[in-house]
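These are my notebook entries on one structure. I wrote down what I looked up, in the order in which I looked.

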Amino acid sequence: MADSGSEDIAVIGNTDLTPSESENNVKNAMVEKGTSLLKKMEISVAEAEKRTGKNAVNMQETYTVYLIETRPVDAASEGTNPVPDSLWRRYSEFELLRNYLLVTYPFLVVPPLPEKRAEFVWHKLSADNMDPDFVERRRVGLENFLLRVASHPDLSSDKIFYSFLTEENGWKETVFETGFQAKADSRLKALNATFRVKNPDKRFAEMKHYGDELQSVISQLLRVRARAADRLYGVYKVHGNYGRVFSEWSAIEKEMGDGLQSAGHHMDAYAASVDDILEEEEHYADQLKEYLFYADALRAVCRKHELTQYELEMAAQDLTSKKQQREELATGTIRTFSLKGVTSKLFGQETPEQREAKLKMLETQIEEGEELVKERNAECEEFVKSAWVDIERFKEQKDHDLREALISYAIMQISMCKKGIQVWNNAKECFSKM
Amino acid sequence: MSGSVVDNTVSSGNSSVAIPTDISGQILDIDEDDDLEVFSKDTTLSDGSSLNASMQTSSASMINQYKFEEEEEDADTKDIFVTVDNPESHVTAIETYITYRVETKTTRSEFDSSEFEVRRRYQDFLWLKGRLEEAHPTLIVHPLPEKFVMKGMVERFNEDFIETRRSALHKFLNKIAEHPIFSSSEDFKIFLTAGSGELTSHKKQGPGFLSRMGETVKAVAAAVRGVRGRPQEFTDMQEYAEAFSQKISSIDKVTQRIVREQKEYLEELKECGPTYALWSQSEEELAEPLKNVAGCVDKCCKETEEQVKHLNDHLIPVLHEYVLCADTLKAVLRRRDNIQADFEVKTEALATKKADRDADSKVLSLAWDSLVGRSPEEVKQQKQQKLKGEIKEMRDELDKVEDRLEWANNALKSDWTRWQKGMRTDLRSAFNDTAERNVSYYEKCLAVWESFLQSQRTDAEGNGNVDFS
């Protein structure tokens with residue numbers, strides 16, 4: 001990959017990688033594994049800022065940029081604390097990076113970006129991309145993305161990724177120069193393969209199905225959770241009205257006044273406590289969202305497998321048909337329908353010279369075809385092997401992360417309950433003094 | 001609070017009307033038994049409600065009565081226990097209605113036996129309330145549940161509605177039983193003990209329609225005129241009643257809104273558990289924690305449901321009762337005002353009559369009477385006799401009304417204090433219970449999630465891969 005010694009970026013496209021290049025990449029991948037970037041470098045997305053500027057169609061626009069800070073790991077341990085290197089990037093540049101990685105490493109489950117637009121919002125959350133809470137959550141999400149990539153055994157050693165973190169100017173041009181956009185599969189091609197592939201690897205088919213289910217169930221969970229959060233917000237906030245009325249009521253009562261007044265304060269506190277509670281829950285929702293988008297990345301790998309498998313099958317089919325044609329030509333029998341057959345019937349058989357020429361051509365084509373099939377077969381196998389390794393890695397990561405998320409959700413609920421117990425115990429004391 | 005009633009003696013200068021020192025002629029012979037009220041059959045009360053009896057008791061005896069109520073009513077001193085339960089539906093050709101079993105256990109001597117069981121319908125309760133209000137226009141009668149609940153389209157025979165009503169009726173009777181004046185009411189006793197036939201015939205007694213009409217007309221006249229010299233303390237009470245009414249209505253509304261929001265929250269939460277369960281079906285390693293979480297969410301749902309039910313069954317009815325109480329307070333103050341207005345009217349009339357008597361009207365009458373051939377002296381004598389007679393009548397009437405007013409004012413003041421004490425106790429305990437219930441709700445949910453954490457810990461320790469820091 002990046003440090004293979006050649007100055008060129010080792011782009012792993014789908015179709016035009018020679019076997020030697022492919023071998024080289026695999027070798028490098030094995031060398032780089034275990035030395036993920038994160039071990040050498042601290043990465044963070046420290047800040048966000050608003051900028052205005054002219055966009056592609058020369059109109060004024062406001063956008064947000066994020067400050068990426070990097071610092072060598074050793075620096076801190078040496079006692080010195082140098083100023084971190086930093087540069088500013090906007091969301092669209094992150095998207096560009098990710099698209100590059102998707103095309104370049106189609107056999108890897110590429111970490112997702114935080115959502116482009118706020119979805120699954122409940123009424124208090126703003127759907128506005130400029131809203132400071134949204135920007136803050138996005139900052140965290142972008143940092144998470146960089147950390148995920150930097151800790152991936154394969155992705156972390158990518159040169160483009162490295163320069164994304166370190167080279168502010170000219171990075172975009174560098175990415176485009178890799179020509180990765182041309183290597184991207186067209187959606188139509190991918191869709192076609194999905195429908196027509198005959199023998200995809202069973203495990204990948206299952207994984208794709210799992211990806212579908214995961215996406216569906218997490219979407220549902222996020223929706224339900226957002227609605228419940230909305231309602232819970234209402235319940236807490238209405239208690240604030242108690243605060244106001246108790247206070248007013250206490251003014252007309254003699255003995256009950258004090259108890260009412262202080263109980264009212266606790267009701268206000270109760271109403272206010274929901275803001276923190278729901279902010280924490282948003283964090284949980286973000287963790288779920290990451291895996292919602294990861295499901296998509298997983299499905300992308302499976303689709304890529306279908307494509308490579310399909311192309312192998314197409315090549316094999318083509319070879320078979322060419323072999324058959326040769327047979328027919330050699331033996332003079334026409335078993336398959338062909339235009340040749342029809343015209344020869346109509347206009348008479350061709351000359352022996354013509355037949356010779358055709359046979360020769362077919363032989364060449366068959367040779368080439370066999371080479372192609374061998375190539376595609378190797379590609380397919382290679383893809384299946386590396387992809388499955390990453391899928392297993394992803395599975396472990398997912399199980400670990402989601403379990404942690406569920407645990408942190410439980411911890412959040414416990415904290416919420418503890419707050420509730422405290423407030424209502426206080427209120428009870430005040431009521432008993434009424 | 002004790003001792004304040006003793007201040008409300010006849011000679012307290014609160015009323016703006018001079019109270020004659022000699023009232024001995026007006027005092028009836030009263031039974032010295034403090035528990036009983038004394039009734040006479042005089043029906044002249046112009047406060048808009050027709051009566052069967054009036055309360056011509058002296059303020060002195062009244063003081064004694066109210067002193068009684070200042071003693072704390074412990075369970076030990078409670079000598080009458082009333083329960084309302086067992087609703088049953090009755091179908092006749094004309095209508096369908098519900099009756100409730102009213103059971104009384106008492107050691108009071110005025111009751112023939114120590115246990116009674118009768119069946120009563122809502123109409124009967126209404127009748128009892130009406131009677132108590134007629135007899136004591138300025139005492140505060142605890143409200144009855146409303147006749148028919150329109151909002152929410154509750155059917156009359158819906159289970160929840162019947163239970164809510166039963167509970168409110170039970171409270172109503174108990175409030176009556178606790179009240180020093182009401183609990184010795186003859187009507188109350190009959191309500192608790194009479195068979196249905198006996199009750200029906202007792203109900204038929206009472207002033208006829210015409211006399212009731214007469215009283216109403218007088219009352220309207222008094223109300224229209226309005227009261228002129230209302231003592232400050234009653235104005236204060238009026239202001240309090242207004243403010244209290246507003247506040248308690250607000251609290252009632254807020255509480256109802258909370259119940260609504262909680263119910264909607266519950267609806268959403270109910271979908272969470274099944275979604276986690278669905279997810280667990282696609283997972284291997286994660287299946288167990290996901291199923292566990294699904295279970296936890298479902299348990300919390302149940303707890304939320306129960307908490308809402310508690311709010312609905314305990315806090316809301318109490319708040320609702322006191323919303324109705326606020327209206328009762330205002331009505332009681334209005335009636336007191338009417339009595340005072342009546343007194344003021346009669347006082348003015350007497351003064352006018354007296355002025356007539358003292359006025360020199362010789363000229364006119366002489367002129368007339370010489371026409372009809374009578375001597376001026378005779379005419380003057382006749383006139384004076386007539387006026388004297390009229391004045392005596394008005395004087396007597398005025399004294400009665402004065403007493404009535406005095407009694408009404410003192411009754412109201414005492415009962416007001418009593419009511420406030422009761423309100424404080426009821427609302428304090430209702431809010432206290434709610435807070436306690438909320439604490440318990442959160443404690444239960446806490447336990448649910450802690451057990452989840454526990455289960456994950458033991459798992460993790462087994463696998464050695466989760467960090468709980």
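**Entry 1: a helical span in chain B**

I began with residues 377–411 of chain B, where the end C-alpha atoms lie 50 Å apart. The span is 100% helix and 0% strand. Here helices (H or I, at least four residues) and strands (E, at least two) are DSSP runs, numbered from the N terminus. I then looked up the record: an unreviewed UniProt entry annotates residues 377–411 of chain B as "coiled-coil region". UniProt positions are given in the numbering used here, feature names are shortened, and annotations may be inferred rather than shown by experiment.

I noted the ground rules next. This is a predicted model, in which local features need pLDDT of at least 70 and side-chain atom pairs count only at pLDDT 80 or more, while totals for chains, interfaces and linings use all residues. Residues are numbered from 1 along each chain as its sequence is written, chains are lettered from A and ligands numbered from 1 in the order in which they are written, and side-chain values use heavy atoms, with hydrogens and water left out.

**Entry 2: domains of chain B**

The domain assignment of chain B gives domain 1 (74–205) and domain 2 (230–364 + 375–458). Such bounds come from an automatic or database domain assignment. Taken over C-alpha atoms, the centres of domain 1 and domain 2 of chain B are 20 Å apart. I found 17 residues of domain 1 of chain B in contact with 22 residues of domain 2 of chain B; contact means heavy atoms within 4.5 Å.

**Entry 3: the sheet in chain A**

In chain A I found an open sheet of 3 strands in the order S1-S2-S3, with antiparallel pairing. Two strands pair if DSSP finds at least two bridges between them. Strand S1 (41–54) and strand S3 (85–90) of chain A are the edge strands, each pairing on one side only. From one strand to the next, the twist averages 25 degrees. Axes are lines fitted to C-alpha atoms, for helices over the stretch in contact, and angles run from 0 to 180 degrees between N-to-C directions.

Strand S2 (residues 60–72) of chain A pairs with S3(A) over 6 bridges. Which residue in S3(A) is the bridge partner of Ile68(A)? I found Leu87(A) there.

Helix H4 (residues 132–150) of chain A lies across S1 and S2 of chain A and runs at about 135 degrees to S1(A). Helix H5 (residues 159–166) of chain A also packs on the sheet, touching S1, S2 and S3 of chain A, with its direction at about 105 degrees to that of S3(A).

**Entry 4: salt bridges**

A search of the whole structure gave 64 salt bridges over all chains. I counted a salt bridge where a side-chain nitrogen of Lys or Arg is within 4 Å of a carboxyl oxygen of Asp or Glu.

Glu117(B) and Arg101(B) form one (2.9 Å, N to O). Glu117(B) is in strand S3 (residues 115–121) of chain B and Arg101(B) in strand S2 (residues 96–106) of chain B, 16 residues apart. Is each one buried or exposed? Glu117(B) counts as exposed because its relative accessibility is 54%, and Arg101(B) counts as buried at 18%. Buried means under 20% relative accessible area, exposed over 50%, partly exposed in between (1.4 Å probe, protein chains only).

Arg228(B) and Glu348(B) form another salt bridge (3.9 Å, N to O). Arg228(B) lies in the loop between helix H6 (209–225) and helix H7 (232–280) of chain B, and Glu348(B) in helix H8 (residues 287–358) of chain B, so the pair ties together parts 120 residues apart in sequence.
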